Amino acid sequence: MNEPWPLSALLPGAILFSSLLPGVFIFLVKEESHRLRTILNLSGAILKLFLVGFLILGVYEGQLFQSRLTIAPGLELVLHADALSVLFVTLSTVLWLITTVYAIGYLEHSPNRSRFFGFFSLCVSATVGIALAGNLLTFVIFYEILTLATYPLVAHRGTPDATRGAKIYLAYTMSGGLVLLIGAVWLRTLTGPVDFVEGGVLSGMPASMEGQLTIIFVLLLVGLGVKAALVPLHGWLPQSMVAPAPVSALLHAVAVVKAGAFGIVRVVYDVYGVEYAASLGLLGILAAAASVTIVYGSVKALFEDGLKKRLAYSTVSQVSYIALGASILGPIATIGGMVHLVHQGIMKITLFLCAGNYAETLGVHKVSQMDGVGRRMPFTTLAFTVGALGMIGIPPIAGFISKWYLGLGAVEAGQSWVLLILAASTLLNAAYFLPILYRAWFRPAPPQWPREHIFKTRFETMGALLWPPVVTAVLCLVAGLLAASPFSPLEWARLIAEREYGL
Amino acid sequence: MILFALGIWSFLSHEALLRKLIAFNVMGGGVFHVFIAVAYRGDTAPPDPVPHALVLTGIVVAVSATALALALGGRAQDAADHD
Amino acid sequence: MTDLLPLAVAVPLLAALLVTALPRQAALLGVLGAAATTLAAGAVLTAVWLNGALTADLGGWGVPLGISMRANGFAAALLAMTALVALATSVYATGYFADSPKAVHFWPLWLLLWASLNALLLAADLFNLFVTLELLGLCAAALGALTGSADAVKANLRYLLVGLLGSTTYLMGVALLYSAYGALDIALLAEHIAAGGDENNAVDAAALTLMTVGLALKAALFPLHFWLPPAHANAPAPVSAALSALVVKGAVYIIVILWLELFASVATASAAMVLGLLGAAGVVWGSWRALRAARLKLMAAYSTVAQIGYLFMFLPLIAATPPGPARDNLFAALVLMALSHGFAKAGFFLAAGLVQQQAGHDRIDDLGGTAQQMPATTFTIGLCGSALIGLPPSGSFIGKWLMMQGAIEAGQWWWIVVLLIGTLLAAAYTFRVLSRAFGLEPTPLRFVTDARSEIPALMLALTAVGVLGLAAGPLWTLLGLGAGGAA
């Protein structure tokens, strides 16, 4: 072990603890100590952002970051930063900061805030743990912790609906976690510790094991597919929309579903190796599941009147773009899938934060109530528009880049049928987002909003609620416009693809 | 051995506490007899002292167990009377 | 150095005498005695860690007449777990029994129970195991009946009688062994049995069967578990914690010694399979009944039946695995599961006791407000629950991981099915309780409401979840097993 810089062994752990420790302390904070809790929250989030900055530079230069902890002989907890983990860590860290600001505003004066922010921080820690996991065991551990830590957030409101949604969420994710566990243990008995290595570790396995490896792949896919909301394992996601808006925004647009999608990417690229997975015919299974999900999610979104539920089905559909990208053999499609991990995150969080603003400021929960909201809340609606157009794939917003690379990659790999899926999905996206935009901007506002709150501010709503979606909308534009500049999500995805394919 | 088997049978078949306790003591008696039989090492050699020590200890344990069971039984009866 | 072993028994015994003599100071003396006993157990643990297994002969009589003691890694691990759980329970009891006349009876019996459990874990021969087991059973039944309610007395009377039946059956097995080999010392006897050849097979089998059945009764192995739920559910909370977490483990400890040490040479794989299947039935049945239980403590008690089942499922797996790192891992996993369950279940019962005191009942369906008003306690229940489910980062997660690994390697995939069902049911019953903590009740003012009784329970929970789950490595060293490696 030649450690040129001892910090490199500490950094992944430090990133994890920068949200874990504030989380633990927040539980102990008295309910009325609003300021102390805010300080803990924000200092954790900002510190994490700085640490991640170091990590980005280091990984870009090819430095090795690894924290190891032996929990039992042969069982090691490994935190390890490679290009792929950095992508996900950065996404969750930036969005955590933004969502924390939003949540502080959103939950002002509502009960049980210490509990909420405590679990919120635990969730982010678990997500970062998933991103930094260096082997399958570590991944499984944080994956399960994420399940546990999210439950209280879904159940947070305490209404019968919330309890029911949380129960469904738990039933799905628990079962999924177990299936994943079986797959992971089985794989381990065949190969020993399953470390994530760029290019995969299984390509040297004897041909006699191919049958077992296929079954294991399906087990892993099912286990991860629950969180990634692959059809037919997506049932929990729309039900979980009873959670408060920041939870829906960060967890159900970013952390939880991405954890599943990220896991699929990990398994395909860093465990099986994309070429080996293709040679076993496993990519076909994944591609089929992803395509069905993309179309099905969009169709369901079309008929959903609840704004958050429509967004949830849109998430079901959009997250599978990532899996689709992973299922096509070829670096360009890989870039498309990877970059969508980030793009979908920032676009969807924008949409969810806006939906939260409508609900909190006007009491608007349904698409059919959205007539004329554009004039009442122009900034929010502008941000919503950017997110929605990005989802459809209108240039120059980030979503266009993802679809472009996915399509290009499919053609390059000779799988032109993917273009059909993309086209169908784009039409459906337009069909369920454009009517919302039309209502918002062009229909006259009703004489009275369902439940309007007037905030003492110059703007359309409270500052802490307004700025986060505006910032993320700007990010969507920047990610699309400056896609070719260094350290943009696209360039980083290109770096990942180069390392995965050994280019 | 027969005492042991008899004890188990009556322990399981009787409801009343007192009968169960007597059955338990019969069982114990059976086990102690086995130990004493084991101690016999022929007519000339003195018997093995170890089993005797064990049986003595065992009897003390059995007596205290019986006492506690009777005390609890009395309590249970009291509680039942109160209800 | 070898004086340490008697010390671990003598200290709580002395403390028991002191609290009997000075009942006014019982709580203070009891906690001091608990601390001293913990130190003694810690000393034994350190000595075993540094020097490997220890032995001691009392009064210089030696085998076979004297009382000899021994401590290997397995015993030391359980001894240490007992000490920590009992210490936490003692501190908790000062709050729980504050101003209660029952304290006068609780402390002597409690310390006596601890002394007999330590003596059991350190006993080096089969007869001492019997005596200590009997003492343990007597103390446990007396403690369990402490509430004095008709239900409690009745349940614990049954517990006592069942225990007597079990231990007498065990003693019969001991008598058979003595008649065949003329020895009681475990190490000595194991050599005799291994060298015994075929002519003693019938005696071995009969003795093993009698002893196992007797002990299975005390360990609540399905279908001999019927006595456990009412006895454990009706005892005062600190006692339930000790009964479920510690006392049952005493019988399991002896069974494990019998199967893996004493009769290792003659116990067949098919016999182990029977135990494993009974264990599996216990897992499924216990978890199911726990899910259907109306009361929190009854749920915890049924969950003990399930958790004990897991321990028995290791036996066939160990029997099917050739000696080597893989087998070592399974044994370590068994110990780890036993330890995790000890900490988690004790924490669970202590927390349940607080909820019961606060709410005046422990009906799960009506717990809503109470659970939400006590964040630390609900948190404890959550953490302990996740250890019972086997979620990371708890010790039982590693235990289950290794069990699955062993099951796949041994080709006995059906244990995985049992594990799946058990885990899902455990998740269902745990979250059935936890979901009550999310209601529309007003926000609690602070995290901890009663430090003296809430903190010990929380500490136990954190030990089960954090410490055992993230730093289980030393256990392998303590058990004297080679580094498991990439088995």
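1. Two residues are taken to be in contact if their C-beta atoms, placed from the backbone, lie within 7 Å. On that basis, the contact between chains C and A takes 37 residues from chain C and 37 residues from chain A. This is a predicted model, in which local features need pLDDT of at least 70 and side-chain atom pairs count only at pLDDT 80 or more, while totals for chains, interfaces and linings use all residues. Residues are numbered from 1 along each chain as its sequence is written, and chains are lettered from A and ligands numbered from 1 in the order in which they are written.

2. On the side of chain C that touches chain A, at least two residues each come from α15 (375-389), α16 (395-409), α17 (414-434), α18 (451-470) and α19 (473-478) of chain C; helices (H or I, at least four residues) and strands (E, at least two) are DSSP runs, numbered from the N terminus. That side of chain C is made up of 25 nonpolar, 10 polar and 2 charged residues, where Ala, Val, Leu, Ile, Met, Phe, Trp, Tyr, Cys and Pro count as nonpolar, Asp, Glu, Lys and Arg as charged, and the others, Gly among them, as polar.

3. Which chains share the most contacts? Of the 2 pairs of chains in contact, chains A and C do. No contact joins chain A and chain B, and the closest C-alpha atoms of these two chains lie 40 Å apart.

4. Chain B meets chain C through 28 residues of chain B and 26 residues of chain C. The elements of chain B that give two or more residues to this side are α1 (2-13), α2 (17-39) and α3 (49-82), and the largest share, 17 residues, comes from α3(B). By residue type, the side of chain B that touches chain C holds 20 nonpolar, 5 polar and 3 charged residues.

5. Chain B itself has 3 helices and 0 strands. Its radius of gyration, taken over C-alpha atoms, is 17 Å, whereas a compact globule of 83 residues would have one near 12 Å; the globule rule behind that value is 2.2 Å times the number of residues to the power 0.38. The C-alpha atoms of chain B fill a box of roughly 65 × 25 × 10 Å along the principal axes. Buried residues make up 30% of the 83 residues in chain B, a residue being buried if 20 or more other C-beta atoms lie within 10 Å of its own, exposed if 12 or fewer, and partly exposed in between, with C-beta atoms placed from the backbone. Among contacts in chain B with a separation of 6 or more, 34% are accounted for by residues 24 or more positions apart.

6. As for confidence, the mean pLDDT of chain B is 82, and 98% of its residues reach 70 or more; pLDDT is the predictor's confidence in each residue, from 0 to 100. Among the elements of chain B, α2(B) has the highest mean pLDDT (85) and α1(B) the lowest (79).

7. Chain C has 19 helices and 2 strands. Its radius of gyration is 21 Å, which agrees with the value near 23 Å that a compact globule of 487 residues would have. The C-alpha trace of chain C spans about 70 × 55 × 40 Å along its principal axes, and buried residues make up 67% of its 487 residues.

8. Chain C is divided into domain 1 (1-80 + 111-121), domain 2 (125-267) and domain 3 (268-487), with bounds that come from an automatic or database domain assignment. The C-alpha centres of domain 2 and domain 3 of chain C lie 23 Å apart, and 22 residues of domain 2 are in contact with 31 residues of domain 3. On the domain 2 side, α9 (228-234) and α10 (237-262) of chain C each supply at least two residues, and the largest share, 12 residues, comes from α10(C). That domain 2 side divides into 17 nonpolar, 4 polar and 1 charged residues.

9. The secondary structure of chain A comes to 19 helices and 2 strands. With a radius of gyration of 21 Å, close to the 23 Å that the globule rule gives for 503 residues, chain A is as compact as a globular protein of that length. Buried residues make up 62% of the 503 residues in chain A.

10. Strands β1 (residues 65-72) and β2 (residues 75-81) of chain A run antiparallel and are joined by 7 bridges; two strands pair if DSSP finds at least two bridges between them. β1(A) and β2(A) form a hairpin with 2 residues between them, and G74(A) in the turn has a positive phi of about 85°. Within this pairing, S67(A) stands opposite L79(A) in β2(A).
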